[in-house]
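Welcome! Please have a look at the sequence and the model below, and then we can go through two spots together.

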Amino acid sequence: MAGFCVRRSTYDSFSFETYYGEFCQVVSAALESLRLRTEEADRKQANTGNLYFSRFQTLRDRIYEEPQLELNANEQAEKAGISISHFRHLYKSFFSTGFNADVISARLALARRLLKTTDISVYETAHRCGYDDASYFMKLFKKQFGITALAYRKK
């Protein structure tokens, strides 16, 4: 930072010359203070991310292990003690997908396994995957995979 005030102006040499050294010290001190605050904020953010990451990873593991559970972002944010918007932001930054999208993805992965490995009805499959509305489940399944659940089973 010492090289910041290398060039002096000759416009008003008397007044500027008088305060030039003091001006450089003030500017250098301000820049150093800003640098330190930025580094501290970056450290706090990194520590916060690390603090939350393990909690979020545990939550994500639970989503994929038990996708039929009724999990919603508001409750999870409240459990974590953070706002819903911060919860959604952290989840997306950690996993590159949104919370709701992850729940849907986990449920549809379970649905595919059930359709391929069991003979239970599509309605029962929807229920076991956490969907009370089988029509909604079928709509999501077709949108995600481009084929109906029944056609997927027969394939």
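Which are the buried residues of helix α2?

The buried residues of α2, the helix spanning residues 73-80, are A73, Q76, A77 and A80. Buried here means under 20% relative accessible area, exposed means over 50%, and partly exposed is in between (1.4 Å probe, protein chains only). Because these residues cover an arc of only 100° around the axis, they sit on the same side of α2; the arc is taken from the directions from the helix axis to the C-beta atoms. On the face turned away from that buried side you will find the exposed residues N74, E78 and K79.

Helices are DSSP runs of H or I with at least four residues, numbered from the N terminus. At the start of α2, a side-chain oxygen of N72 comes to within 3.1 Å of the backbone nitrogen of N74. Just after α2, G81 adopts a positive phi of about 75°.

## R107 in helix α4

R107 belongs to helix α4, residues 99-117, and is buried, with a relative accessible area of 8%. Its side chain reaches the backbone oxygen of P67 at 2.8 Å and the backbone oxygen of G130 at 3.3 Å.

Leaving aside residues up to four places away in sequence, R107 touches P67, Q68, L69, E70, C129, G130 and Y131 (contact means heavy atoms within 4.5 Å).

## About the model

This is a predicted model, in which local features need pLDDT of at least 70 and side-chain atom pairs count only at pLDDT 80 or more, while totals for chains, interfaces and linings use all residues. Residues are numbered from 1 along each chain as its sequence is written, and side-chain values use heavy atoms, leaving out hydrogens and water.

How values were computed:
Helix = DSSP H or I, 4+ residues; strand = E, 2+ residues; numbered from the N terminus. Polar contact = N/O pair within 3.5 Å; in protein donor to acceptor, adjacent residues only side chain to side chain.
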